[in-house]
Amino acid sequence: MHPTRRSLLVPLLLLLLVPAPAAAQAQRLDRIPVQGGDLWLSGGNIAWTRFARDVGPGPTRLDLFELVFRQLHDAGGNTLRLWLHTDGSVTPEWRDGAVVGPGEGTIEDLRDILDLAQKHHVRLILCLWSFDMLRKNAGDSITDRNYALLTREDELQAYIDHALVPMVTALKGHPAILAWEIFNEPEGMSDEFGWEITRHVPMSDIQRFINRAAGAIKRADPGALVTNGSWSFRATSDVTADEDLLVPGTAADELTEAQVAAIRRKLADRYGYLFTLAETRKMYATLQEWGKNRNYYTDRELVAAGGDPAGTLDFYTVHYYDWGYPALSPFHHDRAFWGLDKPLAVTEFYMDDTFGVPWQQLMPTLYDRGYAGGLGWQWEDFFRRRPDTAHNWPRILKNAQSVRALHPEAVE
């Protein structure tokens, strides 16, 4: 070999042996990228101390926020989810049905809360809106202006210009902000999935709002992460579980006892949990009613709806409650099962035994199955001492302790 060629080849071979810089490596799907590192989200939901009133006009219970932050940090957790506008009854500020500002004191209150979170080494997912914005019992004066916000281009732009961008700009770079979340369970106010308690808009309007708001956030703060809190995998994955259990053309009440028994055995083999015969029929009927899942939040879907190429999500968040049976359960399927190309965290679930998975193992199970985090629901019920759900917060803390003990490098 010519000496000059040899001298050029050796450095090239050495370069091939050197690991690529972190930025050039593929993104981990089991962690959320945070300030140059990777974090497994361990914690819960506040989600409020005063529903829709934690920031903006009126008092802010900073003492309660500090209590929550300190308890979570002491347990080894690192992340909480906080709702901001929620139903739009207090913030943002409105005039003649249009948004004119973030609301008096909103930015200042939010900064105070973030400073306390930073003091206790906790990061916050800041959720802007909830399906509650179209909750019928909120009254026409609130739902009318929120309906316009979701369906009219000029109203959406007014919100972005006068409320969203000022908030993001003022708080840009705050180390306690993990991400901005556009909606909490927006499917609940959609034509496609919506509930009786809400007015409805097409999912395409919700997608447009997410796209436009996400793009505005990223231009105001290029380092910000954006997500959206979906109510279930029905709207966050193109993969549908347990379709093979359905008998074509046969309703649940038409199944023979032998067919029910066979489905029950398959479920037990698949999930390690034995449903009763009545539960098996009910689950079958639910699967038949749902139809196929669809991910409304891919880059392609969001950009097509809103037209902003920057308006995409950085990671997915999804919720789970037992009405979804194992078919929609992250505790019974690995992250990879859902076919998503971004990190996926489970950011709402009750801390109860879940179809064979004991409550003590919920967050460790999410870790083992490859999800990027688990946030249980919620602290406020413990504060109010609600008899049916007050146990969730202590169990969140115990799960956070378990994850820290097992995987300290992932959560600290």
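Me: In which element of the chain is confidence lowest, and in which is it highest?

Reply: Helix α1 (residues 3-17) has the lowest confidence, with a mean of 38, and strand β7 (residues 123-130) the highest, at 99. The value is pLDDT, the predictor's confidence in each residue on a scale from 0 to 100. Helices (H or I, at least four residues) and strands (E, at least two) are DSSP runs, numbered from the N terminus. Over residues 1-24 the pLDDT is below 50, and this stretch has four contacts in the model beyond near neighbours in sequence. Where pLDDT is low, the predicted coordinates should not be read in detail. For the chain, the mean is 94, and 94% of residues reach 70 or more.

This is a predicted model, in which local features need pLDDT of at least 70 and side-chain atom pairs count only at pLDDT 80 or more, while totals for chains, interfaces and linings use all residues. Residues are numbered from 1 along each chain as its sequence is written, and side-chain values use heavy atoms, leaving out hydrogens and water.

Me: What makes D132 and R135 a salt bridge?

Reply: Their side chains meet at 2.9 Å, N to O. A salt bridge requires a side-chain nitrogen of Lys or Arg within 4 Å of a carboxyl oxygen of Asp or Glu, so the pair qualifies. The whole structure has 25 salt bridges.

Me: Why does D132 count as buried?

Reply: The relative accessibility of D132 is 5%. Buried means under 20% relative accessible area, exposed over 50%, and partly exposed in between (1.4 Å probe, protein chains only). D132 is therefore buried, whereas R135, at 23%, is partly exposed.

Me: How do you know that E155 and R152 meet in a salt bridge?

Reply: The N to O distance between their side chains is 3.5 Å, which is within the cut-off, so the pair counts. E155 is buried at 10%, and R152 is partly exposed at 41%.

Me: What do D308 and R219 form?

Reply: Their side chains meet in a salt bridge at 2.5 Å, N to O. The pair links distant parts of the chain: D308 is in the loop between α9 (299-306) and β10 (316-319), R219 is in helix α6 (residues 203-220), and 89 residues separate them. D308 is buried, with a relative accessible area of 8%, while R219 counts as exposed because its value is 53%. Elsewhere, salt bridges that share partners join E380, D381, R384 and R386 into one network.

Me: How does the reach of helix α7 (residues 257-271) compare with what is expected?

Reply: From first C-alpha to last, the 15 residues of α7 reach 21 Å, close to the 21 Å expected. The expected span is 1.5 Å times one less than the number of residues.

Me: Why do the buried residues of α7 line one face of the helix?

Reply: The buried residues of α7 include V260, I263, L267 and Y271. Seen down the axis, the buried residues fall within an arc of 65 degrees, so they line one face. The arc is taken over directions from the helix axis to the C-beta atoms. These residues pack against α8 (277-290). The face turned away from the buried side carries the exposed residues A258, R265 and D269. G272 follows α7 and has a positive phi, near 70 degrees.

Me: Which residues does P175 touch?

Reply: Not counting residues up to four places away in sequence, P175 touches Q35, Q118 and R123; contact means heavy atoms within 4.5 Å. P175 lies in the loop between α5 (153-170) and β8 (177-184), and is partly exposed because its relative accessibility is 28%.
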